[in-house]
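This report looks at one strand with its neighbours and then at one pair of helices. Please keep the sequence and the model in view while reading.

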Amino acid sequence: MKVPRSRLLAALVAAPLLLTGCSAGSLGSSSDEGSGGATAITFLVDNGAGTADVANALVDAFEAEHPDVTVKVETRPGGGDGDNLVKTRLSTGTMDDVFLYNSGSLFQQIDPAKNLTPLTGEDFASRIDDAWKPNVSAGGDLYGVPFGTSFGGGVLYNIPVYTELGLSVPTTWQQFIDNSQKIKDSGKGVAPVVQTYGDTWTSQLFVLGDFHNVAAAEPGFADDFTANKAKYATDPAAIKGFEHTQQVHDLGLTNSDFASATNADGLRMVADGTGAQYPMLSAVVAGLQTAAPDEVGDVGFFALPGDDAATNGLTAWAANGLYVPKSTTGAELDAVKEFLDFMTTPAACDVQSKANTPTGPYPITDCSLPTDVPQLTKDVVKYFDDGKQSPALEFLSPVKGPSLEQITVQVGSGISTAAEGAALYDQDVQKQAQQLGLAGW
């Protein structure tokens, strides 16, 4: 399953892209000395939209309280180039003193036990949400501290449209289809389900966001999928995401310009009520604020419903992590731990909330969100508060096919059937699993 997190997030956030670049001569050095005898450390982040802004704001707040440490923020490319750079620096012992990277399967691929310093026994580890820790743990040790908030994959919906038509948030797929049909039959010209294949990555949500329902029906699916014992084309729970993608097309529930509309178009539609429901990630908050700044409050969020209302819940993406390479030692390691300790405080969460609108909850036990976060963020947080969320497949399996977005465009456009799309995806992931050398492939 292709889940290009860096690409997704970069595309989702409509704030200006900050490309500060990463020069070849800007490798971190553990021997740097800050002004006034302070210990100097370097902090590597990706060049995604707004990431460096948040990092610099955190550093400013930290340095104000810790004059014994100075932190220099550096940036790296995102995507595959960034992955390769991180692996190269770790393998050559030239990684910055602390760095931001993915949690979940990509974290496992940087060989944490070999390359990272465990943080298991640190006092600040007790302030990290236990539900987040597995995403940055290996071999029984904790290696990461959260950066940012978690987010969910589900459906953005226009609250006034729902109110006017007397609709309730659906907890089963049939209720979702019934709501969509009522919207279509209302004669108000509102697109029941917004699709935006002009940005192909947006086509994946009916599959990606459905994984909570797959896991609820078949708790062992992720392990069986990784071991090549379960297939999307033949598994009765997993194929439903493809079937749902086909169904909304076949019933004529999508916007007429679905083939060319972009993510920004979709956000505007669900905000102004020309579209009623938009399968999407909650991480689009900043993009929504840009596309429709005066109507953000009209947009709510619900998890993609499955067959059983009793197991209705959210497919969740975990916050990224901050990690310490084993090459960081001595005074620099002590300084990094001061910084990580700060990162697990409400003060650090508040800094992040001011620099970037939260898209879900912080995985820090003492942190809370501002009261004025958008409604869709509040809706996402409730699933976490109620314990009705589970990890997306990418946090449970390293198997990811690169072509899911093209396949779901085909299915959602009526070019391929759900069965054909699922079979194509099984072929797609096989190539990737073999490249990883996974057993059973």
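## Strand pairing and a helix contact

Strand 1 and strand 3 (residues 98-101) run parallel and are joined by 2 bridges; strands pair if DSSP finds at least two bridges between them. Strands (E, at least two residues) and helices (H or I, at least four) are DSSP runs numbered from the N terminus. The model is predicted, so local features need pLDDT of at least 70 and side-chain atom pairs 80 or more, while totals for chains, interfaces and linings use all residues. Residues are numbered from 1 along each chain as its sequence is written, and side-chain values use heavy atoms, without hydrogens and water.

Strand 1 also runs parallel to strand 2 (residues 69-76), with 8 bridges between them.

Is strand 1 buried or exposed on its faces? Thr-39, Ile-41, Phe-43 and Val-45 on one side are buried, and so are Ala-40, Thr-42, Leu-44 and Asp-46 on the other. Buried means under 20% relative accessible area (1.4 Å probe, protein chains only). In a regular strand, side chains alternate between the two faces of the sheet.

Turning to the helices, the axes of helix 11 (residues 240-250) and helix 18 (residues 418-436) come within 8 Å and cross at roughly 140°. Axes are lines fitted to C-alpha atoms, for helices over the stretch in contact, and angles between N-to-C directions run from 0 to 180 degrees. Phe-242, Glu-243 and Gln-246 of helix 11 make the contact with Ala-418, Gly-421, Ala-422 and Tyr-425 of helix 18, where contact means heavy atoms within 4.5 Å.

Key. Buried means under 20% relative accessible area, exposed over 50%, partly exposed in between (1.4 Å probe, protein chains only).
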